[in-house]
Amino acid sequence: QARYAETHLVRESLATALQESGWSIVPGVANFLMCHLPECGVSADQLVRACANRGLFLRNASLMGSQLGNRSIRIAVKDAGTNLRMLEILQECLG
């Protein structure tokens, strides 16, 4: 019960930070976020590769179905500290 509550809080915090960067977040309750990158930036494939080079592994959700387009990412929700590090890496990759 406590882990569920904690995951909910850090999930919402991560989603808010990404939305403030212009990402669209698909509503959900799982321990991951389905996100759509802004139209004016990199593709999901480009971001996934850039993040992997820095040790952050994201899922290119664009490969999960043709209707998702080429800007869909799935990000696992971690603890608060790890989420902050993920946001730092994303910021580095997106410049």
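The model is predicted, so local features need pLDDT of at least 70 and side-chain atom pairs count only at pLDDT 80 or more, while totals for chains, interfaces and linings use all residues. Residues are numbered from 1 along each chain as its sequence is written, and side-chain values use heavy atoms, with hydrogens and water left out.

A salt bridge here is a side-chain nitrogen of Lys or Arg within 4 Å of a carboxyl oxygen of Asp or Glu. The search of the whole structure finds seven of these salt bridges.

Select Arg 3 and Glu 6. Their side chains form a salt bridge at 3.1 Å, N to O. Both sit in helix 1 (residues 2-20), three residues apart, which separates them by about one helical turn. Helices (H or I, at least four residues) and strands (E, at least two) are DSSP runs, numbered from the N terminus. Arg 3 is exposed at 57%, whereas Glu 6 is partly exposed at 37%.

Next, select Glu 92 and Arg 54, a salt bridge at 3.3 Å, N to O. Glu 92 belongs to helix 3 (residues 80-94) and Arg 54 to the loop between helix 2 (44-52) and strand 3 (59-60), so the pair ties together parts 38 residues apart in sequence. Glu 92 is partly exposed at 43%, and Arg 54 is partly exposed at 40%.

Arg 85 is partly exposed, at 38%.

Definitions and conventions: Buried < 20%, exposed > 50% of the residue type's maximum accessible area, 1.4 Å probe, protein only.
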